[in-house]
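Here is a short note on the model, for use alongside the coordinates. Please read it point by point.

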Protein chains: 2
Amino acid sequence: MRFVFLGTGGSAPSRERMTQALAVRYRGDVILFDCGEGTQRQLMLSSLSFMAVKTICITHFHGDHFLGLAGLVQTMQFNDRKDPLDILVPKGTKGYAETFLEIGNFKLRKFEARVHELADGERRAFDGYTITAAELAHPVPTIGFRFDEDSRAGRFDPVRAKALGVPEGPLFSRLQDGHPVDGSQGPVRPEDVMGPPRAGHSFCYLTDTGPTPRAAEISRGADVLVMEATADDALTEYANKYGHLAASQTAGVAKDAGVRELFLVHISSRYKENDPIESQARAVFPNARVPKDLQEVDVPWG
Amino acid sequence: MRFVFLGTGGSAPSRERMTQALAVRYRGDVILFDCGEGTQRQLMLSSLSFMAVKTICITHFHGDHFLGLAGLVQTMQFNDRKDPLDILVPKGTKGYAETFLEIGNFKLRKFEARVHELADGERRAFDGYTITAAELAHPVPTIGFRFDEDSRAGRFDPVRAKALGVPEGPLFSRLQDGHPVDGSQGPVRPEDVMGPPRAGHSFCYLTDTGPTPRAAEISRGADVLVMEATADDALTEYANKYGHLAASQTAGVAKDAGVRELFLVHISSRYKENDPIESQARAVFPNARVPKDLQEVDVPWG
């Protein structure tokens, strides 16, 4: 799974950072989390194809999180997209999305953009994964997202398969794909040679939010947490007042939730460098980092 | 006067070019012509201040010409702008602009954005210049813009002023500012020492358009023409069918209108280089060039 940090800035862009957008490649799909102004062009500058975007998750309708949506959809149509596009938005905001999808003289004719509202705790199943929403603490309707890969098949035991009379080759694949085969000693079922199903991988994308117990709840046990840290600790009170978090607070969520790795995003334009936000977060949760725009990270799952 | 080519791409952005936006600095003002997605960030990367933008001229409401408007306005408010902003749009499109200015949860509270519709031939006067609209040939309501500097004072003749008994120094400035002064041989009027008023400078910004006589009419005698050349000559028919021009056609307008200098913009994303569009245009009108994104040109007026 590849994380591509298209935009990591908060509230307004700067010379250093575009506003918010994260693309995640899962198998052949690209899932987009937020779509700040300029997202389509950042995708063009990345290793991913903007035409491969299958689902767009919008946390809320402040401009720095969605103003790139119309341009991306228009360029998809310009490039003759036929595949439907799913757009997940907070409860009560479908109208905002639909107004923007046909802004100005644009008409969406060549493919379908399906806007789905998600309330707190609601989930939506896709091919191979589920996305769940969690209500966050921000002045307008805002949700964070948890991605859960479907549980994966258990580990295949080739030694046991051979012992049961299955020769190495195509029959191994049949078993791994869940089909029984005939071995030289009689029928062999997948469960004879496969370990127990393994939990899928998971990550959360949580922004914008002030302090809320939902953040640690939704990200409990996730592998990766991508979360806002708009300010450094010196501005904690100010950040919280506007529904944002400071570095140590975000790191505290990662620690409470027991995730493996934390990426801090939605960095205020007042910071030209990753520090002090990165160093303050690491003091609480060592496996934390502030990505740069267009940074691509292949997550090594456990 | 400085021309800053923020975005020079047509229809959709590419790795090389953002969609359409041109900033022109005139004295302390910045005037923006079109505002494609990402304009605010390109301004941040330029020598100009996005807060200095006083007027925004939108040619039409296809996304590649206006999708950066909301983000720019939102960032202006985020930075506590107080000055009103004038937005010029084609007749019948005020609603598009106003819908976009308060898209999603955004409310414009700190300054006023005044949207003015301009019909073909209509003009609007600003401090020191006038902007005139010309209807172009495109499938949706579209106008091009002509900028005319107010006529400038005549040339000051210091030899004549001294001969009339005015000493070099503050009294020279008084005369140049249009006030009579007392010389050692009696009163001296500005018209005694100033040449006849000189015509102001002018330029046109024309995009998107297929062939139309209005293009050469509106740009007659302008110093600079910035105009679309979406395609190269091999695709002339195709370009014209969609309300666009090919290189030689655009150069032909510059030649007919008798401008001094031509900049070709709205370059299709199919072209990774300035050629063949630039070379085809130069064959018809030698003083033509395709600018790159973020290129800044100080125009040496005659």
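The points below go from the basis of the model to the chain relation, the sheet, the helices, the rings and the backbone.

1. Basis. This is a predicted model, in which local features need pLDDT of at least 70, side-chain atom pairs count only at pLDDT 80 or more, and totals for chains, interfaces and linings use all residues. Residues are numbered from 1 along each chain as its sequence is written, chains are lettered from A and ligands numbered from 1 in the order in which they are written, and side-chain values use heavy atoms, with hydrogens and water left out.

2. Sheet. Chain B has an open sheet of seven strands in the order S8-S9-S10-S13-S14-S15-S17, with mixed pairing. Strands are DSSP runs of E with at least two residues, and helices are runs of H or I with at least four, numbered from the N terminus; two strands pair if DSSP finds at least two bridges between them. Strand S8 (123-126) and strand S17 (288-289) of chain B are the edge strands, each pairing on one side only. S13(B) pairs with strand S14 (residues 224-228) of chain B in the parallel sense over four bridges, and Leu206(B) stands opposite Met227(B) in S14(B).

3. Helices. Helix H10 (residues 247-257) of chain B lies across S14 and strand S15 (261-265) of chain B, and runs at about 155° to S14(B). Axes here are lines fitted to C-alpha atoms, for helices over the stretch in contact, with angles from 0 to 180 degrees between N-to-C directions. In helix H3 (residues 69-78) of chain B, nine of the 10 residues are buried, so the helix is largely enclosed by the rest of the structure. Buried means under 20% relative accessible area, exposed over 50%, and partly exposed in between (1.4 Å probe, protein chains only). Asp80(B), which follows H3(B), has a positive phi near 60°.

4. Rings. Over all chains there are 34 aromatic pairs (ring centres of Phe, Tyr or the six-membered ring of Trp within 6.5 Å; planes under 30 degrees apart are stacked, over 60 edge-to-face, the rest tilted). Phe33(B) and Phe203(B) have ring centres 5.5 Å apart and planes at 80°, so the pair is edge-to-face. Phe33(B) is in strand S4 (residues 29-33) and Phe203(B) in strand S13 (residues 202-206) of chain B, so the pair ties together parts 170 residues apart in sequence. Both Phe33(B) and Phe203(B) are buried.

5. Ser11(B) has a positive phi, near 70°, and is partly exposed at 27% relative accessibility.

Conventions
Contact = heavy atoms within 4.5 Å.
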